[in-house]
Amino acid sequence: FAGCHWEDIFGGESMACDINNALQPVEVVVTKLWIDPKPEFQNPVLASAEYECYNEQFEEAYGTLWFYGIEEDDSFSVYPLWDGTTYCVVTEDIDEGGVISEGEECAELFVAPGEGAACTITNTRFYEGIPTLNQYMLALMALLMLGVGLVGFRRFA
């Protein structure tokens with residue numbers, strides 16, 4: 001066998017092998033979910049999130065994730081430490097008004113060797129402003145205003 005030898009072994013009857021275990025990278029999947037109460041507006045949904053991973057023995061890993069669409073996944077690879085001390089933080093900066101971002105489960109994401117990790121960032125879009133009326137409600141409002149005007153005119157004339 002490669003890496004094994006039979007000489008200078010304590011006890012003289014056993015075979016000795018050098019075994020080198022190396023962790024493989026695992027995938028961390030981040031899902032971006034948009035909740036949009038007015039999907040008929042078909043707003044373009046482009047977002048990014050920054051990730052940073054760390055543990056006790058390696059340099060930090062960092063980068064940017066890109067999402068386009070109502071629900072989309074993006075991922076990155078990490079070499080986790082065998083003792084389970086690898087964590088990733090995924091943060092998102094929202095520059096757009098009218099959006100609330102919730103991603104607490106991505107704030108400190110434990111990355112297990114051989115398993116990886118996953119989390120979800122949910123963005124809710126809300127609309128501010130004056131609601132508009134359809135044509136029937138607009139006609140009803142005009143009739144009500146006309147009626148109030150006529151009553152006021154008769155009373156004060």
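Biologist: What is the torsion about the S-S bond of Cys53 and Cys88, and is that disulfide right-handed or left-handed?
Modeller: The torsion is about 105 degrees, so this disulfide is right-handed. Cys53 lies in strand β4 (residues 46-54) and Cys88 in strand β7, so the link ties together parts that are 35 residues apart in sequence. Strands here, like helices, are DSSP runs numbered from the N terminus, where a strand (E) needs at least two residues and a helix (H or I) at least four.

Biologist: Before I go on, what kind of model is this?
Modeller: It is a predicted model, in which local features need pLDDT of at least 70 and side-chain atom pairs count only at pLDDT 80 or more, while totals for chains, interfaces and linings use all residues. Residues are numbered from 1 along each chain as its sequence is written, and side-chain values use heavy atoms, with hydrogens and water left out.

Biologist: And what is the mean pLDDT of the protein chain?
Modeller: The mean is 79, and 73% of the residues reach 70 or more, where pLDDT is the predictor's confidence in each residue on a scale from 0 to 100. Confidence is lowest in strand β1 (residues 4-5), with a mean of 64, and highest in strand β7 (residues 87-91), at 91.

Biologist: How many disulfides are there?
Modeller: The count is 2, taking a disulfide as a pair of cysteine sulfur atoms within 2.5 Å. Besides the link between Cys53 and Cys88, with S to S at 2.0 Å, there is one joining Cys106 to Cys119, also with S to S at 2.0 Å. The torsion about the S-S bond of Cys106 and Cys119 is about 110 degrees, so that disulfide is right-handed. Cys106 sits in the loop between β8 and β9 and Cys119 in strand β10 (residues 117-125), so they tie together parts that are 13 residues apart in sequence.

Biologist: Are Cys53 and Cys88 buried or exposed?
Modeller: Both Cys53 and Cys88 are buried, and Cys106 and Cys119 are buried as well. Buried means under 20% relative accessible area, exposed means over 50%, and partly exposed is in between (1.4 Å probe, protein chains only).

Biologist: Back to β7: which sheet is it in?
Modeller: Strand β7 belongs to an open sheet of 4 strands, ordered β5-β4-β7-β9 with antiparallel pairing, where two strands pair if DSSP finds at least two bridges between them. The edges are β5 (61-68) and β9 (109-110), each with a single partner strand, so one side of each has no neighbour in the sheet. Between β7 and β9 there are 2 bridges, and Cys88 stands opposite Leu109 in β9.

Biologist: New topic: which residues form the salt bridge?
Modeller: Glu92 pairs with Lys32, and their closest N and O atoms are 2.0 Å apart; a salt bridge is a side-chain nitrogen of Lys or Arg within 4 Å of a carboxyl oxygen of Asp or Glu. Glu92 lies in the loop between β7 and β8 (99-102) and Lys32 in strand β3 (residues 26-35), so the pair ties together parts that are 60 residues apart in sequence. Both Glu92 and Lys32 are buried.

Biologist: How many helices and strands does the protein chain have?
Modeller: The chain has 1 helix and 10 strands, and along the sequence the pattern is β-β-β-β-β-β-β-β-β-β-α.
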